[in-house]
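Me: I am new to this structure. Could you show it to me and take my questions one by one?

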Amino acid sequence: MSDICGSQAAARSMQQLAREFSACRDMLVALGNENRQLIFVALLEHPGGVRVGDLAKLARLSRPATSHHLKVLQDAGLVDHYQQGTKNFYHASARLDRWAQLARVTAHAEQFVRLVQELDTRAEAGKHACSESGSGPSPATDGRAAANPSPAAGPSTATRSAAKSPTSATFAAAGSSSAGSSSTAGLSTAGPSPAAGSSPSPHSAISRKEPA
């Protein structure tokens, strides 16, 4: 039962992780490019903000390429900027909601991996226990099988007794109808009836005459 509950919990964790991953996919895509990673690291190393020209030198990129990567990072909510006169300074974003989304994905991913590892450990322990117990039937099972053989092994006790005594079935049927047996007994007292197909006795047609 615990394995079933664990599997269900793992399935729910996967579904939750999929939803959270989809919610912050743009952040992961933005950070998936190596040049944008270099730009983001440079912004983290300069908390006061960096201009585009200086970022281009730090990342060893052209100015247009740096501007393009900064826009992708800004659209994902990872980078922001502020103005001083006519100059723009870029810095890592302070949007807590975006960083919280990314933190939830990583935290739930760790929980999911730990749950899967725990289920794998239980499964391996169960296989090990089964291999140690053996695959043959237990002695108690063999004893019960010998004491109670299967019906397919031979006829039942009632069938064998009926074969030894052919009249047992007749007596059993007769015992179920007492009224019929009593009337038959009354007829049998008058004498046995002649067998079918036999000739009547010659004395039966002649009436006995008493001497005068």
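Me: Among contacts in the protein chain with a separation of 6 or more, what percentage comes from residues 24 or more positions apart?
Reply: Keep in mind that this is a predicted model. Take the contacts in the protein chain with a separation of 6 or more. Residues 24 or more positions apart account for a share of 58%.

Me: What pattern does the protein chain follow along the sequence?
Reply: The protein chain has 10 helices and 2 strands. Read in sequence order, the pattern is α-α-α-α-α-β-β-α-α-α-α-α.

Me: What percentage of the residues in the protein chain is buried?
Reply: Buried here means under 20% relative accessible area. The protein chain has 212 residues, and the buried part of them is 18%.

Me: How much of the accessible surface belongs to carbon and sulfur atoms?
Reply: The protein chain has an accessible surface of about 15,700 Å². The part belonging to carbon and sulfur atoms is 59%.

Me: How are H4 and H5 oriented, roughly parallel or roughly perpendicular?
Reply: The axes of H4 and H5 come within 9 Å and cross at roughly 100°. Angles of 65 to 115 degrees count as roughly perpendicular. Therefore H4 is, relative to H5, roughly perpendicular.

Me: How many charged residues are in the contact of H4 with H5?
Reply: H4 brings Val 52, Gly 53, Leu 55 and Ala 56, while H5 brings Arg 63, Thr 66, Ser 67 and Leu 70. By class, there are 4 nonpolar and 3 polar residues, and the charged count is 1.

Me: Is Arg 60 buried or exposed?
Reply: Arg 60 lies in the loop between H4 and H5. It has a positive phi of about 60°, although it is not a glycine. The cut-off to pass is over 50%. Arg 60 has 78% relative accessibility, so it counts as exposed.

Key:
Residues are numbered from 1 along each chain as its sequence is written. This is a predicted model: local features need pLDDT of at least 70, side-chain atom pairs count only at pLDDT 80 or more; totals for chains, interfaces and linings use all residues. Side-chain values use heavy atoms; hydrogens and water are left out. Helices (H or I, at least four residues) and strands (E, at least two) are DSSP runs, numbered from the N terminus. Buried means under 20% relative accessible area, exposed over 50%, partly exposed in between (1.4 Å probe, protein chains only). Contact means heavy atoms within 4.5 Å. Accessible areas come from the Shrake-Rupley method with a 1.4 Å probe; for residues, only the protein chains shown count as cover. Axes are lines fitted to C-alpha atoms, for helices over the stretch in contact, and angles run from 0 to 180 degrees between N-to-C directions. Angles under 35 degrees count as roughly parallel, over 145 as roughly antiparallel, 65 to 115 as roughly perpendicular and the rest as oblique. Ala, Val, Leu, Ile, Met, Phe, Trp, Tyr, Cys and Pro count as nonpolar, Asp, Glu, Lys and Arg as charged, and the others, Gly among them, as polar.
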